[in-house]
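Colleague: I would like to go through this model with you. Shall we begin at the ligand and then turn to the strands?

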Amino acid sequence: MADVIISVENLTRKYGDLVAVDGISFSVVRGSTFAFLGPNGAGKSTTISCLTTLAPFEGKIEIAGRKVGRDDEEIDAEIGVVFQQSLLDPTLTVFDILQTRAKFYGIKRPEARAKIDKMADLIEIREILGRRYGSLSGGQQRRVDIARALIHNPKILFLDEPTTGLDPQGRQLVWETVALLQKELGLTVFLTTHYMEETERANQVYIIDHGHIIAHGTPHRLRAKYANNQLRLQPKDQTLPARLDKMGIKYDVKDDILAIDIETPENALELLDQVRGLISDFEFVHGNMDDVFLKLTGKDLREGKR
Ligand code: ADP
């Protein structure tokens with residue numbers, strides 16, 4: 001049996017009449033990356049608040065064998081949390097931020113220094129320890145947030161939309177850090193995101209919409225189940241559409257390209273064999289996690305489209 005570190009049964013959270021999270025259940029395996037994916041307002045942050053002992057809820061949550069709502073103090077020692085919006089004082093240096101946090105957890109000065117030293121190398125923030133938080137790039141700030149969340153050696157790291165608002169370079173930095181921490185410290189990472197492509201790195205993806213889980217699985221299985229591969233053909237010969245019609249193959253036409261939903265690369269090869277004289281170019285495009293969400297909800301998840 002898998003070693004479950006977070007177990008959630010029938011979690012419900014209401015704000016007045018609004019049911020923000022509606023009876024969801026899931027479990028997270030120790031040392032894994034678990035991604036909670038959904039559009040704005042789906043219930044992701046609300047779920048994180050409940051899991052991290054910050055909000056009341058109905059249902060049952062167990063973290064590292066302890067019960068949220070009963071053993072919150074012990075649970076707080078096991079978890080580190082990075083919120084969407086950092087509320088850190090921009091005038092403080094990175095070192096001061098980390099030292100203050102260590103003090104909050106009652107970590108003595110020499111031990112705190114040693115801890116900060118180790119973190120500085122692991123998260124690669126040594127060269128910015130003396131910089132003011134407000135002067136750092138978004139990606140650097142997020143790495144400091146992560147270092148701060150790990151100062152008391154938690155086993156689980158919660159990240160609420162850790163890369164929202166970062167440029168591609170900043171997002172890359174954050175992802176490298178998360179991967180490293182998992183490898184070096186064996187951390188369990190629970191993260192929320194509305195960037196589909198980021199869930200490709202997770203062991204498990206749960207897709208949430210309107211407070212309900214609408215699908216879950218490994219990224220690979222979700223893609224295989226809900227996303228179509230596509231074969232795109234550039235006609236050389238005007239007879240290509242007629243040939244496809246005759247073969248009973250459905251296609252969409254866009255900018256002269258004929259796009260065909262196709263199950264496997266083998267199917268694509270077979271088809272290419274039959275039309276090779278009629279095409280001047282082709283492309284095989286794998287289905288991605290964007291397609292999964294679109295297929296499940298009929299909605300596009302990407303920023304700016306909702
Ligand atoms: P997400 O993190 O997926 O964007 P949230 O968990 O923030 O979603 O929100 C889920 C739903 O709950 C939304 O409809 C949101 O408007 C509502 N909501 C969130 N926080 C509050 C609150 N403090 N009071 C009332 N409604 C809230």
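This is a predicted model: local features need pLDDT of at least 70, side-chain atom pairs count only at pLDDT 80 or more; totals for chains, interfaces and linings use all residues.

Colleague: Which element supplies the largest share of the shell around the ligand?

Modeller: Two elements each supply at least two residues of the shell: β2 (18-29) and α1 (44-51). The residues around the ligand include L18, A20, K44, S45 and T46. The largest share is three residues, and the element that gives them is α1.

Colleague: How many charged residues does the shell around the ligand have?

Modeller: The shell includes Y15, P39, N40, G41 and K44. By class, five residues are nonpolar and five are polar. The charged count is one.

Colleague: What is the distance from an oxygen atom of the ligand to a polar backbone atom of G41?

Modeller: A nitrogen atom of the ligand is 3.4 Å from an N or O atom in the side chain of Y15. A backbone N or O atom of A42 lies 3.1 Å from a ligand oxygen. For the polar backbone atom of G41, the distance to a ligand oxygen is 2.7 Å.

Colleague: Which are the edge strands of the open sheet of six strands?

Modeller: Read the order: β6-β7-β8-β3-β9-β10, with mixed pairing. An edge strand pairs on one side only. The edge strands are β6 (79-82) and β10 (212-217).

Colleague: At about what angle does helix α10 run to β9?

Modeller: Start with helix α5 (residues 138-149), which lies across β6 and β7 and runs at about 160° to β6. Helix α10 (residues 289-297) lies across β9 and β10. Its angle to β9 is about 40°.

Colleague: Which residue in the turn of the β4 and β5 hairpin has a positive phi?

Modeller: β4 also pairs with β1, antiparallel, over five bridges. Two bridges join β4 to β5, again antiparallel, and E62 stands opposite K67. Two residues lie between β4 and β5. The one with a positive phi, about 50°, is A64.

Note on methods:
Residues are numbered from 1 along each chain as its sequence is written. Side-chain values use heavy atoms; hydrogens and water are left out. A residue is near a molecule or strand if one of its heavy atoms lies within 4 Å of it. A polar contact is a pair of N or O atoms within 3.5 Å; within protein, one must be able to donate a hydrogen and the other to accept it, and residues adjacent in sequence count only if both atoms are side-chain atoms. Helices (H or I, at least four residues) and strands (E, at least two) are DSSP runs, numbered from the N terminus. Ala, Val, Leu, Ile, Met, Phe, Trp, Tyr, Cys and Pro count as nonpolar, Asp, Glu, Lys and Arg as charged, and the others, Gly among them, as polar. Two strands pair if DSSP finds at least two bridges between them. Contact means heavy atoms within 4.5 Å. Axes are lines fitted to C-alpha atoms, for helices over the stretch in contact, and angles run from 0 to 180 degrees between N-to-C directions.
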